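Please consider the following protein chain together with its three-dimensional model. The explanation below leads from the whole chain to individual sites.

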Amino acid sequence: MTEIAGDRQGQGSPGTPATGRGPSRGGAFSRRDDDHPSAGWGATRSVGRIIAAAREPLAAPHAILKMNQLKLSSGKDGFDCPGCAWPDDRNGLHLDVCENGIKHVTWEMTRKKVSGEFFAEHTVTELNAWNDFDLENQGRITEPLSYDPATDRYLPISWDDAYALVGDALRGLAGPHEAAFYTSGRLSNEATFLYQLWVREFGTNNMPDCSNMCHEASGRALTAAIGTGKGTCDLDDWESADLLILMAVNAASNAPRMLTSLAAAARRGAEIVHVNPLIEAASKRTIVPHDFVAMGTFRATKTGTMNVQPRIGGDLALLRGLAKVVLEQDAVDQEFIEAHTDAYDAYRKLVDDTGWDDIVHQSGVSEEIIRDLAGRYIASRRTIIAWCLGLTQQEHSVDTMREIINLLLLRGNIGRRGAGPSPIRGHSNVQGNRTCGVNHHPTEEWLAKHDAATGIRSPREHGLGTVATIEAMAAGTVKVFVSLGGNFALAAPDTAATFAALRNTDLTVQVSTKLNRSHLVHGRRALILPCLGRTEKDVRATGEQGITVEDSMSYVHLSYGKRKPASPQLRSECAILCGMARATLPGSATPWELYAEDYDRIRDVMARALTGFEDFNRRAREPLGFRLAQAARERVWLTASGKAEFHPSPMPDVVPPAGRLMLSTVRSHDQWNTTIYSDNDRYRGVKNLRTLLFMNPEDMAERGLREFDLIDITSHARDGGTRTVWGYRAIGYDTPRGSVTGYMPELNVLCALSDTSSQSDQPLTKHLIVEVTAAAPAP
Ligand SMILES: Nc1nc2c(c(=O)[nH]1)N[C@H]1C(S)=C(S)[C@@H](COP(=O)(O)OP(=O)(O)OC[C@H]3O[C@@H](n4cnc5c(=O)[nH]c(N)nc54)[C@H](O)[C@@H]3O)O[C@H]1N2
Ligand SMILES: Nc1nc2c(c(=O)[nH]1)N[C@H]1C(S)=C(S)[C@@H](COP(=O)(O)OP(=O)(O)OC[C@H]3O[C@@H](n4cnc5c(=O)[nH]c(N)nc54)[C@H](O)[C@@H]3O)O[C@H]1N2
Ligand SMILES: [Mo]
């Protein structure tokens, strides 16, 4: 594969330092060991720079005061921070904000604008050579745009014409399965519900979702093990646990408000164990994000009591080792196991049969450390195990999460206060998207209730997920691609294949706030439909509208935008969906126009269609919203056996072959998925460099590499192919041998479509086999 000139597929070229997708155009870079507390003054300075850059010095602080401030009576006083899915402070008293939430909101509120005039000056071919930071940095898109192949430009189009174009294209297909409908996880519950209703009434379940890429594996494991696909904990549990095991998350960057909970846990003497191949900032000390007094006095709180560094993919073996010690010491909750679980004996036998040598080799953790951690687990009366992407984006992710449940079940740590599994979700409403119906393999039970409430007949055949959608676009069997938010071109694996697949479609439709790569890598026809952001006032025929979201811990609450929209031409996601739906389904009995006018009407039908949403409009208006019931929390197990299921998963071989390394792709501190704010990664001590690879110093020495040496990274895919990025830089880092880490989305170039988990059907973006060599010279 070679880079198409100017197309920014991102492989770089031999002998040349790669530049990545951030703002950097080269120049001096550095790395130092950073041991400052997370959050605190560094965060404050960083926020100051971001606010200044967005030219929003006055408006931003005002909006930030409204963020996550759920008012106790009407709920009309604030908007939900779109920065992450960590729950709000349930006291409703604190101003619970964080550096990255502020950056995120400010990025949306920029005064810069992209209109038809901008596109009159730049062809799509020209823009394709720009870097991704520059694209988003143009500001908010202000009017609907349609691609004109004759001039290679986007031209303004009226909303009605845009809807008609979508409707005509969809009705012109040979069948509904020739279209796919992607969701990024910021979509509100109401918009999600309308989206899936449109798609299912049209006749397909082709709904690939960014939530697949984050937590498909968690959903599958939890459903199989405890009967419901969500965690069982809430913040109250986090406040009462005496042991928190945090696996595979970079909390200080990606869920910073968690630091508040960690600091509180440390203060009350709880054990906080971080399990991660990297020692991330949250495992050290923090200055609680909103704790201005501590910031003034530089008083930092500990947020970790133990670090365990498995090899990438080594977690299942580590968890198995913990279970082994629990069983050896007979430290099980026999009563709970008998009353509530199934398949214990098979699991027990499997653990007994697993030898320590294998456990140590596969986990990359010594028996001594595993025994130490097991001792803490046995000493704890209330344990929470939380996890994020470092566990979900691997081949055996589902088995790994099932091992978490096995370990919790052994000591009755599910369904009581202060204990349980607690997946950390990503996008601010990714959990709500799933609850409200974005699911390419819905159950019959779900569809039956939905159809009875909506009066439609949903298709029963399962639809396409992310990877299958890319394959279908490449094969020409999916011809229309609709995207509600997100940046599919970069978020998806195998950048070159995904670009080619998108370009092979007849129509791509992007409902977006800001310009990104997915607008430029498009179908033969293409639409950009600009929508309101979460911070903006949404006024419809019946007045100001609120939307709801569901956080990581299953709380649903209302959110009201506060700001004047970036342009009078913007429409809400709900309104855009209703417009596209009516144009697609002219004879539909669904009252699309009424839904678009008043979101209470959407909530009324959701109350009938979705379990747990009874009396939705009233409960959403309660002071802090409401918690969706979670049966497993009450020890009601909705599994076939009616019990919580132990699962004897075989221990996989995760040790990379000789000479090769296991690559995991992660976010830096200064990015939001495909949006990159700067080329710095403060907590990891990096300045002005994204095209890097964190390596164990011995792995570097073995390859004759010194700090900052230019390297090439080649992945070896299951399809037998190789993919290379040229001109990265090696950086020595405290991580186990054989494990290397670099940044997404740049490194998606290395993830072949064939590198998909057989357990979760998701790309193996944290499980890539690579070879690292000193950079080849320029040809
Ligand atoms: N500021 C900010 N906030 C965000 C996002 C953002 O981009 N920026 N993205 C949002 C989204 S959509 C999501 S899904 C979440 C993502 O939140 P995270 O899961 O924190 O995301 P990553 O940056 O991918 O980091 C993965 C972590 O897992 C570790 N890891 C990698 N492999 C392994 C392994 O095999 N075992 C273990 N134990 N650990 C491993 C990595 O070292 C890293 O610390 O954050 C959300 N919040
Ligand atoms: N290699 C690798 N790849 C990964 C991952 C990884 O860890 N490694 N992580 C995966 C994960 S967990 C995720 S969630 C995906 C992220 O995938 P996506 O959700 O597809 O990507 P984002 O970067 O979050 O999308 C950013 C765009 O969303 C649009 N946007 C922002 N706000 C709004 C809004 O309010 N409404 C609408 N309609 N649009 C808006 C803007 O145009 C912005 O450019 O990436 C996945 N890809
Ligand atoms: Mo995510």
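This is a predicted model: local features need pLDDT of at least 70, side-chain atom pairs count only at pLDDT 80 or more; totals for chains, interfaces and linings use all residues.

Residues are numbered from 1 along each chain as its sequence is written, chains are lettered from A and ligands numbered from 1 in the order in which they are written, and side-chain values use heavy atoms, with hydrogens and water left out.

The protein chain contains 31 helices and 33 strands; helices (H or I, at least four residues) and strands (E, at least two) are DSSP runs, numbered from the N terminus. Of its 779 residues, 66% are buried, where buried means under 20% relative accessible area, exposed over 50% and partly exposed in between, with a 1.4 Å probe and protein chains only. Among contacts (heavy atoms within 4.5 Å) between residues at least 6 apart in sequence, 78% join residues at least 24 apart.

The largest pocket holds about 1200 Å³ of space. Its lining comprises 34 residues, and those closest to the centre are Gly-227, Thr-228, Gly-229, Lys-230 and Trp-446. Two or more lining residues come from each of helix 9 (210–226), helix 21 (430–435) and helix 22 (444–454), and helix 9 gives the largest share, six residues. By class, the lining of this pocket has nine nonpolar, 17 polar and eight charged residues. Here Ala, Val, Leu, Ile, Met, Phe, Trp, Tyr, Cys and Pro count as nonpolar, Asp, Glu, Lys and Arg as charged, and the others, Gly among them, as polar.

Pockets and cavities are both found on a 1 Å grid over the protein atoms alone: a cavity is a set of points where a 1.4 Å probe fits but cannot get out, a pocket is an open set with protein on both sides within 12 Å along at least five of seven lines, and lining residues have an atom within 4 Å of a point. Grid points are joined across faces, edges and corners, and a volume is the space filled by probe spheres set on the points. In the whole structure, five cavities of 30 Å³ or more are found. The second largest cavity has about 90 Å³ of space. Among the 14 residues that line this cavity, Val-249, His-274, Asn-276, Glu-280 and Ser-283 are the closest to its centre. Strand 8 (243–247) and strand 9 (271–275) each supply at least two lining residues.

Helix 17 (residues 356–363) and helix 18 (residues 367–379) have axes that come within 10 Å and cross at roughly 95°. The two helices are therefore roughly perpendicular to each other, a term that covers angles of 65 to 115 degrees. Trp-356, Ile-359, Val-360 and Ser-363 of helix 17 meet Glu-367, Ile-370 and Arg-371 of helix 18 in this contact.

Two loop residues complete the account. Gln-762 lies in the loop between strand 32 (739–743) and strand 33 (768–774) and is buried, with a relative accessible area of 4%. Its C-alpha atom is separated by 7.0 Å from that of Val-467, 295 residues apart along the chain. Asp-734, in the loop between strand 31 (722–732) and strand 32, is partly exposed, with a relative accessible area of 47%. Leaving aside neighbours within four places in sequence, Asp-734 is in contact with Pro-277, Leu-278, Ile-279 and Gln-309.

Key: Axes are lines fitted to C-alpha atoms, for helices over the stretch in contact, and angles run from 0 to 180 degrees between N-to-C directions. Angles under 35 degrees count as roughly parallel, over 145 as roughly antiparallel, 65 to 115 as roughly perpendicular and the rest as oblique.
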